[in-house]
Amino acid sequence: MALRNIVKFGDERLRKKCREVTEFNDKLWVMLDDMYETMKQSDGVGLAAPQIGILRRVVVIDVGEGPIELINPVITSMKGKQREIEGCLSSPNQWGYVERPAKVKVTAFNRYGKEFKVEGTELLARALCHEIDHLNGILFTDLADEMVDVEEEEDGKKKKR
Ligand code: CO
């Protein structure tokens, strides 16, 4: 495994619509492993392939319940609303309130090309929406209704300043 460079806001690659994965091969598996390692190294809860400069529909998420790998993910259902502070590894010093669905259902493929479903509420719902947005060139700053200053607590939680 290897760490990849994270593409930052302002880079055109973050504005592209990513293409579907068609081959579930060892090249994809290395990419997934690298994405997970890169996300963990940066204390993130999610990372999308365009954030390492690869314009494919691939996402990794870990909100503290173990890794979830999503290939060609599609949101099939959204219910309710939540509004919370969000950030992005591609813009480490920006934070803002984003309204997201309270609950989402997603269908995706795993690294072997097998279809599966995942349901998320709270942080997982937000991460699913945020990362899938990345695959369509959408950044959280496009959706934020209020940007805020936050400082990081020792436990890793973000607190409004
Ligand atoms: Co992001």
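**Reading the contacts, strands and metal site**

Author: A polar atom of the D62 side chain lies 3.1 Å from the backbone nitrogen of G66. This is a predicted model, in which local features need pLDDT of at least 70 and side-chain atom pairs count only at pLDDT 80 or more, while totals for chains, interfaces and linings use all residues. Residues are numbered from 1 along each chain as its sequence is written, and side-chain values use heavy atoms, with hydrogens and water left out.

Reader: What makes the approach of D62 to the Y36 side chain a polar contact?

Author: The term asks for a pair of N or O atoms within 3.5 Å, of which, within protein, one must be able to donate a hydrogen and the other to accept it (residues adjacent in sequence count only if both atoms are side-chain atoms). The side chains of D62 and Y36 are joined at 2.6 Å, which is within the 3.5 Å limit, so the name applies.

Reader: Where does D62 sit, and why is it called buried or exposed?

Author: D62 belongs to the loop between β2 and β3; helices (H or I, at least four residues) and strands (E, at least two) are DSSP runs, numbered from the N terminus. Buried means under 20% relative accessible area, exposed over 50%, and partly exposed in between (1.4 Å probe, protein chains only). D62 has a relative accessibility of 5% and therefore counts as buried. Setting aside neighbours within four places in sequence, D62 is in contact (heavy atoms within 4.5 Å) with Y36, M39, K40, G44, V45 and P67.

Reader: How do you know that strands β2 and β3 pair?

Author: Two strands pair if DSSP finds at least two bridges between them, and strand β2 (residues 58–61) and strand β3 (residues 68–79) have four, in the antiparallel sense. V60 stands opposite E69 in β3. The hairpin of β2 and β3 has six residues between its strands, and in it G64 takes a positive phi near 105°. By the same test β3 also pairs with strand β6 (residues 103–109), again antiparallel, over six bridges, and there K79 stands opposite K103 in β6.

Reader: What makes C88, H130 and H134 donors of the cobalt ion?

Author: Donors are N, O and S atoms within 2.8 Å of the metal (3.2 Å for Na, K and Ca), and since water is not among the atoms, sites may look incomplete. The SG atom of C88 and the NE2 atoms of H130 and H134 lie 2.1 to 2.2 Å from the cobalt ion, which is within the 2.8 Å limit, so they qualify. Along the chain these donors follow the spacing C-x41-H-x3-H. C88 lies in strand β4 (residues 82–88) and H134 in helix α2 (residues 122–135), so the pair ties together parts that are 46 residues apart in sequence. With relative accessible areas of 9% for C88 and 1% for H134, both of these residues are buried.

Reader: What makes a set of residues a nonpolar core, and which residues touch the most other members of the largest one?

Author: The name is given to a set of buried Ala, Val, Leu, Ile, Met, Phe, Trp, Tyr and Cys residues joined through side-chain atoms within 4.5 Å. The largest core has 17 residues, of which I61, L70, V106, V118 and L128 touch the most other members. At least two residues of this core come from each of β2, β3, β6 and α2, and α2 gives the most, with seven. L70 has contacts that include V58, I61, V106, V118 and L128, not counting residues up to four places away in sequence. Apart from this core lies another, of 14 residues, among them I6, M35, A49 and V60.
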